[in-house]
Amino acid sequence: MAALKQVSFLLLPLLLISLFKSSQAAGIAVYWGQNTNEGSLADACNTGNYQFVNIGFLSTFGNGQNPQLNLAGHCDPSSNGCTGLSSDIKGCQGKGIKVLLSLGGGAGSYSLNSADEATQLANYLWNNYLGGQSNSRPLGDAVLDGIDFDIEAGGDQHWDELASALNGFSQQKKVYLAAAPQCPFPDAHLDSAIKTGLFDYVWVQFYNNAQCQYTSGNTNNLISAWNQWTSSQAKQVFLGVPASQAAAPSGGFIPADVLTSQVLPAIKGSPKYGGVMIWDRYNDVQNGYSNAIKGSV
């Protein structure tokens, strides 16, 4: 028995190391919700390819507007038609996948005009999507893991106050915060928010921005921008990529073999490397991108 105890004791550091490694493991994030042909949320999570799913988008809020969810043709939130997603969300979370609600998007009507409006939105999000209580939860009784800021319009003010207000609820239940800035550094909308240091995940969009994206055979601009982002206050930085050429009309698509052989080896050495973000689930289904890269992320 003594010998067995000694062996167990010797194995303990190895176990701790493996546990630490797994808790720091890189992952793939994906956006879901903007194309009915991408399949269900459950389908996405059942692939085993993703560690994070951003449900997009809450595309209307602020400036006195009632917050509105837009999930394309998946369901109609105005008639409570999206509450059925609750079981899918819980199923994803049961597999260890973090599910976040994404604010903004490329086409929406949103802004924050005051600190008070930021606080009001944080309260709304807490009560309707996170750990609070409301009779009108658009996605049913599932409690999302956090909020993603995909802010591509609406000015550069008060996003930091929204992040701080959301973070305040973490005393009751951890609210993960993510951001999806464009790759030109610093981001035109989210710079002050990211500087708070409150964001757990920053998935930078290295596409549709010629000065910092991959172009055929040239990774220099991308790597240079990556190094700027990993020197920011972001806790973890993800390489945001389009899953197909069609997903990024203004360029930045990186063929899967180039990503795994050239780009990832150049960025994975950063202690802030968190993984890869894919836009979006529909294009990933069409092109099999996450299948091709998941073993290398």
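Predicted model: local features only at pLDDT ≥ 70, side-chain atom pairs only at ≥ 80, totals over all residues.
Local features were taken at pLDDT of at least 70 and side-chain atom pairs at pLDDT 80 or more, whereas totals for chains, interfaces and linings use all residues. Residues are numbered from 1 along each chain, and side-chain values use heavy atoms, without hydrogens or water.

A search of the whole structure gave 19 aromatic pairs (Phe, Tyr or six-membered Trp rings with centres within 6.5 Å; planes under 30 degrees apart are stacked, over 60 edge-to-face, the rest tilted). Phe 52 and Phe 238 pair edge-to-face, with ring centres 5.6 Å apart and planes at 90°. Phe 52 has 8% relative accessibility and Phe 238 has 0%; both count as buried (under 20% relative accessible area; exposed is over 50%, partly exposed in between; 1.4 Å probe, protein chains only). Tyr 176 and Tyr 201 are stacked, with centres 6.0 Å apart and planes at 20°. Tyr 176 is partly exposed at 22%; Tyr 201 is buried at 7%.

The largest nonpolar core holds 81 residues (buried Ala, Val, Leu, Ile, Met, Phe, Trp, Tyr and Cys joined through side-chain atoms within 4.5 Å). A second, separate core of 15 residues includes Phe 52 and Trp 279.

Ser 290 is buried, at 2%. Its side chain makes polar contacts (N or O atoms within 3.5 Å, one able to donate a hydrogen and the other to accept it; sequence neighbours count only through side-chain atoms). The partners are the side chains of Asn 49, at 2.8 Å, and Asp 284, at 2.6 Å.
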